[in-house]
Amino acid sequence: MGENCKHEHEHKECCQEHHHEHTMVEKKELDHTFDRVEKQVYILENLDCANCAAKIERKIQDLPQIEFANLIFPTKQLQIVSNTEEEMLPILQQICDSMEENVLVKKREYKKEATGVSHIFPQWKKEVLWILAGVVVWIAAMVVQDVSNESSFIIYIIGYLMLGWKVLKTAGKNILKGQVFDENFLMGIATIGAFFIGEYTEALGVMVFYRIGELFENIAVARSRSQIMEAVDLRPEVVNKVVGEKIEEIPANEAKVGDLLLVRPGDRIPLDGIVVSGTTRIDTSAVTGEPVPILVKEQDQVISGCVNLSGVVTMEVEQELKDSMVSRILDAVENAAAGKPKIDRFITRFSKIYTPFVVILALVVAIVPSLITGDWNYWVYTALTFLVISCPCALVLSVPLAFFAGIGAGSKQGILFKGGSTIESLQEVKAIVMDKTGTVTKGCFSVQEVIVDGNTTKEELLALAASCEQHSTHPIAGSILEAARQQNLTVETLTDVEEISGKGIFAKSENQHILCGNKKLFEQYGVEIPTQQIEQAGTEVFLAREGKYIGRILISDEIKSEAKNVFTQLKKLGIYTAMLTGDEEKNAKDVASQTGIDDVYAKLLPEDKVSKLTQIRKEKGSVMFVGDGINDAPVLAGADVGAAMGSGADAAIEAADVVFMTSSLDAVPQSLKIAKTTRNIAKQNVIFALTIKALVMLLGLFHMANMWMAVFADTGVAMICIMNSVRILYLKRNKKESGKK
C-alpha cells in the first residue's frame, strides 16, 4: 500500500466531502448515568454467590455516600461513584461481611490474575477433604442402620454436623442480620425438616450433594472467569529490557517511555512502541481479528498484544502499560461487562420475587393438603423439595456470565462491544447503513489522471494541488502529495489557507486566489466547471486560479475484497443496507453495483447524514451505522447501534457502541452472529433453569420427585448454565472467513 494508506482510518471524510471539521460529540449514553465520571474500582475476592452479589450491590447503592454502584459478578469488580472523600473500603468490607463470609474487598491494583486449572483447584482442597469425610460417615451410617437404628442416627447427626454446620452457622448469622431467604437458610430448613420426618439418609445425602454441587459450581464459575479473562487479558507480566549489552527482566508496569525492549519469536509485543532494529512478521489476530500476519521493520509501529512470529526485534516503548492497547482492550471489556442488558435487570428483579413466592408455596403445600388428607409426611417432604430449589442462583448467575462470555468472544475476534445492552440492540437491527471511504472501500486513494485546461501543465496543476493539500490529513490529500513526491515536484507553502468543511480549500499563492476542492466549493464561489464527464469512476478534485477553472485531478479508491460477500450475507439475514457518502452519485452507484448495497445516498454533508439516517430508521426500523468513528461521530451517536471501523482510536471508542479493531467488513456479520448467539444462550439458560425447577415442583406434587432431584434443579442446573454460557468463546467464524486463515 502507499504511504497514505497507513492512515486510511484517520481523519477521513466521505469521498467528495474531501475536507472536514473535527466534530466531536458527547459519548452516547450507555446503561447508566456515570459513564464520564471517574469511578473507584474494587475487587471482591472469594465472591462465589451471584445472588449474594446482587444483594451486596443493592445494599451499597443504598448508602448515602454512594451516587452509583455496580457489582460485576463475572469479573468480581465493584465500581462506585461516591459524593465524599471518606475512605470507603472499611464500609464496603463491613457490608460484604454482613452478606457473605470470607469476601475480601481490595482496591484494584495492577496484577494479572493467575488462571488455569492449576490455580483454581488448590483453593478448594480443604472443602474436598470435608466432603470426602462426610461421604465416608454417610456410607457408615447406612451400613450401621441395618444393625442398629440408634447408632446409625447418631452417626447421621455427626455426618450432618460435619457437612451442615457451615450452612447452619451462616444461615443463623444471616437471620440475625435480617436476611432470611438465602440458600443457607433454605437448605438448612429443608434438611432439618427431613430429619424430623425420619428421612435421615436423605437429609444427610442431600447435604452431601449440595456441598458437592456448590463446590463444582464454584469451580465452574472460577474456570469460566479464567477462560474469559485468558481470552481478553493480553497484558504481559514481565518484559525484557535492553540495558547496554545486557537483558534485564522487569515487571511490565515498570517499563517507561523510551525504554528498549527485546522481543523474541513467540513472544507477544508487550507494549505499544516502534521497532528500532530487526525485521519480523507479527500476528495481529488477537487484537484486530485479522488472520494474515504483517511484515514489520525498523521505524514501523507495533501494538501490544500481537505475537512476534519469526525474527528478533528491539522496540522502543511509546506507551506505558496502562496506556497501551492491551490495557485499553481489557478496560473496554471490563467496562462493557458493567453495562447490564435488559434481560439481566429483569432477572435481578424477578429473583427478589421468585424465592419468597416459592417459600410461601412450600408452606401452602405443607399445610393445606396435609390438613385435608392427614398425610403430613408426604406433603411436608414435597414442601421441603420446593425449598431446596427456591434459590435463584442459577438464574442470577447464568445471564451476566453469558453476556460477559459474548463480550469476551467478540474481543477475541477484534470486536469490542461497549455493553450487554449493545449486544441486545444488535438483535433488533433491521437496517445497516455504512460510510463509504475506509468502510466499504479501503481508503487507499491514488491519482489516476490529471486533466488540465488552458496553458497550465499537468505538473503545475499537481504541484499546486499538493501545495493546497499539504496540511490536510485526509486520505485524498495524502494521495495527491504522494503523486507529487513521486514526480519530485516542488510543493510551496501557501498563505491564508482556509479549509471549508465538506467542500475544499481557499488559499493565496503569490497574491493569487486558489480554489482546490469539489463542485460545491466552486458553486459557492461562482466558478464554472466544464460540463464534460469522465467515464472512469473516481473522485474529482477541481482547481481554479483567480476565479478561472484550470483543471481537475481524478482519484480512485479500491473496494474491499470481502465487501460483496458481506452484503450477500446481510441480505440473507433480511437486513436492508444503505450507503451514505459525500461522493458524486456516479462513484457511489458504481460501488453499490459491485457490492450489492440496496440504496445509495450521495453528495451528503455531515449534517445531511444524520437526517438521512433518521429517515431510514422511520422507514425500516432499528439502524446500525458503520463508519470511522471520528468524522462520522454525529451519525454514530445518532444510530441505534454505532459501529466504528479502524484501529480503535480514542474518538472511535468514545463515539461508538461497537468498535471493530480490524478494517475488515467481515466483522459486521460476525458481530451480529455473536450477539444473536449470546442472547439465545442467555434465554436458553433462563428458560432451562425455570423449566427444570417448575418440572421438579410439579413432579413433587405427584410424589414423582425427591430431594435429590431438587438439588440437581439448584446446583446442577447452575453448572449446566455456566458451561452453556462459556461455549460462546468457541464460536467459529463462517467457512468463508475461516478459509482465509
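Predicted model: local features only at pLDDT ≥ 70, side-chain atom pairs only at ≥ 80, totals over all residues.
## Buried and exposed residues

A residue counts as buried when its relative accessible area is under 20%, as exposed when it is over 50%, and as partly exposed in between (1.4 Å probe, protein chains only). At 0% relative accessibility, Ala477 is therefore buried. Ala477 belongs to helix H16 (residues 475–486); helices (H or I, at least four residues) and strands (E, at least two) are DSSP runs, numbered from the N terminus.

Residues are numbered from 1 along each chain as its sequence is written, and side-chain values use heavy atoms, with hydrogens and water left out.

Let us look at helix H5 (residues 149–176) next. The end C-alpha atoms of this 28-residue helix are only 36 Å apart, whereas a straight helix would reach 40 Å at 1.5 Å a residue. That expected span is 1.5 Å times one less than the number of residues. H5 also has a kink of about 60 degrees, centred on Gly164; the bend at a residue is the angle between axes fitted to the seven residues ending there and the seven starting there.

Gly164 is also one of the buried residues of H5, which include Tyr156, Tyr160, Leu163 and Val167. After the helix comes Gly178, with a positive phi near 90 degrees.

## Nonpolar cores and a surface patch

The largest nonpolar core has 172 residues, and Leu44, Ile60, Ile432 and Phe660 touch the most other members. Apart from it lies another core, of 24 residues, including Phe445, Ile476, Cys516 and Leu543. Such a core is a set of buried Ala, Val, Leu, Ile, Met, Phe, Trp, Tyr and Cys residues joined through side-chain atoms within 4.5 Å.

Helix H10 (residues 342–373) gives the largest share of the patch, seven residues. Ile367 lies in H10 and is partly exposed, at 39% relative accessible area.

## Salt bridges

The model has 15 salt bridges, each being a side-chain nitrogen of Lys or Arg within 4 Å of a carboxyl oxygen of Asp or Glu. In one of them, Lys241 pairs with Asp259, and the closest N and O atoms are 3.8 Å apart. Lys241 sits in strand S5 (residues 238–243) and Asp259 in the loop between strands S6 (246–251) and S7 (260–263), 18 residues apart. Lys241 is partly exposed at 24%, whereas Asp259 is buried at 13%.

Glu558 and Lys442 form another salt bridge (3.3 Å, N to O). Glu558 is in the loop between strand S21 (548–556) and helix H18 (563–572), and Lys442 is in the loop between helix H14 (436–440) and strand S16 (446–452), so this pair ties together parts that are 116 residues apart in sequence.
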